[in-house]
Amino acid sequence: MERLEQALIEAKEANAAKTEFLSRMSHDMRTPMNAILGLTALTLDEVDKPEVVTENLEKINSASQFLLGLINDILDMAKIEDGAVELKREAYSYTEFIESLRTMFETSCREKGICLKIGQLKNDYVFMTDRVRLNQIFFNLLSNAVKFTPEGGTVVFQTENLQIQDNIVSCDFIVADTGIGISEKFQKKMFQPFAREDNAVSSQVQGTGLGLSITKSLVDLMGGSMQVESTPGKGSRFIVSLCFEIARDKYERSSQVLNTDFDDQILADKRVLLVDDHPLNVEIAKKLLIKKKVSVYCAENGKVAVDKFSSSSVGFFDAILMDIRMPVMDGMQAARQIRSMERADAEKIPIIAMTANAYDEDVKMSREAGMNVHLAKPIEPKKLYHILAEMLRKGGNAC
């Protein structure tokens, strides 16, 4: 009987948590969507006023970025809860790590009137870690620090207690601020998904309530620990303790970052086969490519793409931009068929996956299907141009 009652209580709690989740997600997703739809309608009514259009588009972009961040956080949380997050091992220098933090936060701190202090170690250690997830941990913590620190305040990042033993480096990463602080009551639940403190300041700041939960989960996944010291009105101090293996092999800085300096002329007059079944996606990608004087040929599914490629003369197409999920034939099948063709350009032509499938497993599957690079939607124009230019320059061997 007791077990039945306990099961009933747990079921009610689970149902309440689900209801709260749906309610909060409905609110959080509708808020930026309302802004996007409302501002779009206002902009259409005032197309003859460039300054108004520009201002509205900037606001639409801001709301879109927030919505995208929310979607990414939900996907990350789902992957973590399913145990689907796999950490990569790659060489990452401490100097490059620090530079990434400066790049992300110097401008926003300067605009807000916040003093940003980032400490540098005397030696540039190179350690093995998942650079994307490590950055994500401290981007989340520093983003919160900047959000909740008023003008004239200070945000600090520093490394303390560094020790090396048997090729393992351990240290404490400190993120501290002079912001609004965190109440003792909220500190007890701050790492729960969707938890947000209800006060006059935090209610005015956009956030998903997932950042700290994701951060704590990633720290745990890396075998580390995280502590919080905070006093309302005086600021917060997060201490993240992690261990890394020191890289033994030769390390090439930014080895996985595409060269962002390229001559626009490398794209001019190139012929690209754009494969996507969504008309709006096609229209956007086509306009972006035409801006760089690329000749664009479209295919609405993988079957049409295979037919167009096979019927073209050898070397006619310089690259293929391939969506994954399409009717008739998906992008994976199309890439495999193209790679298996007995013609000189079938193995070498760059095939770039352009898809909303953003999980690591999707990236792996697209590579196995014969695609060179996986570019997640929504497409960032500069990233598209850089990747396409690099692929063309290296003849399909980039990344």
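Biologist: In which loop is N167 found?

Modeller: The model is a predicted one. N167 has a positive phi of about 65° although it is not a glycine. As for its place in the fold, N167 is found in the loop between β4 and β5.

Biologist: D166 is found in the loop between β4 (154-165) and β5. Does D166 count as buried or exposed?

Modeller: The backbone of D166 has a phi near 55°, a positive value in a residue other than glycine. The relative accessibility of D166 is 71%. Exposed means over 50%, and D166 therefore counts as exposed.

Biologist: Which strand gives the most to the lining of the largest cavity?

Modeller: The structure holds one cavity of 30 Å³ or more. The residues that line the largest cavity include Y94, L121, V169, C171, F173 and F244. With three residues in that lining, the strand that gives the most is β5 (residues 168-177).

Biologist: Of what class are the residues in the lining of the largest cavity?

Modeller: Among the lining residues are Y125, F127 and L162. The lining has no charged and no polar residues. Cys and Tyr count as nonpolar here, and by class the lining has nine residues that are nonpolar.

Biologist: How much space lies in the largest cavity?

Modeller: One cavity in the structure reaches the threshold of 30 Å³ or more. The space that lies in the largest cavity is about 40 Å³.

Biologist: Is S230 buried or exposed?

Modeller: S230 lies in strand β6 (residues 225-231). Leaving aside neighbours within four places in sequence, S230 is in contact with G181, I182, Q187, G235 and S236. The relative accessible area of S230 is 17%. Since buried means under 20%, S230 is classed as buried.

Biologist: The side chain of S230 reaches which backbone oxygen at 3.1 Å?

Modeller: A polar atom of the S230 side chain lies 2.7 Å from the backbone nitrogen of I182. At 3.1 Å, the side chain of S230 also reaches a backbone oxygen, that of G235.

Biologist: Over residues 249-260, how many contacts beyond four places in sequence does the model have?

Modeller: The mean pLDDT of the protein chain is 82, and 83% of its residues reach 70 or more. Over residues 200-205, pLDDT stays under 50, and the model has six contacts beyond four places in sequence for them. pLDDT also stays under 50 over residues 249-260, for which the number of such contacts is 17.

Notes. Residues numbered from 1 in each chain as written. Predicted model: local features only at pLDDT ≥ 70, side-chain atom pairs only at ≥ 80, totals over all residues. Heavy atoms only, no water. 1 Å grid on protein atoms, 1.4 Å probe; cavity = no way out; pocket = protein on both sides within 12 Å on 5 of 7 lines; lining within 4 Å. Points joined across faces, edges and corners; volume = space filled by probe spheres on them. Helix = DSSP H or I, 4+ residues; strand = E, 2+ residues; numbered from the N terminus. Buried < 20%, exposed > 50% of the residue type's maximum accessible area, 1.4 Å probe, protein only. Polar contact = N/O pair within 3.5 Å; in protein donor to acceptor, adjacent residues only side chain to side chain. Contact = heavy atoms within 4.5 Å. pLDDT = per-residue confidence, 0-100.
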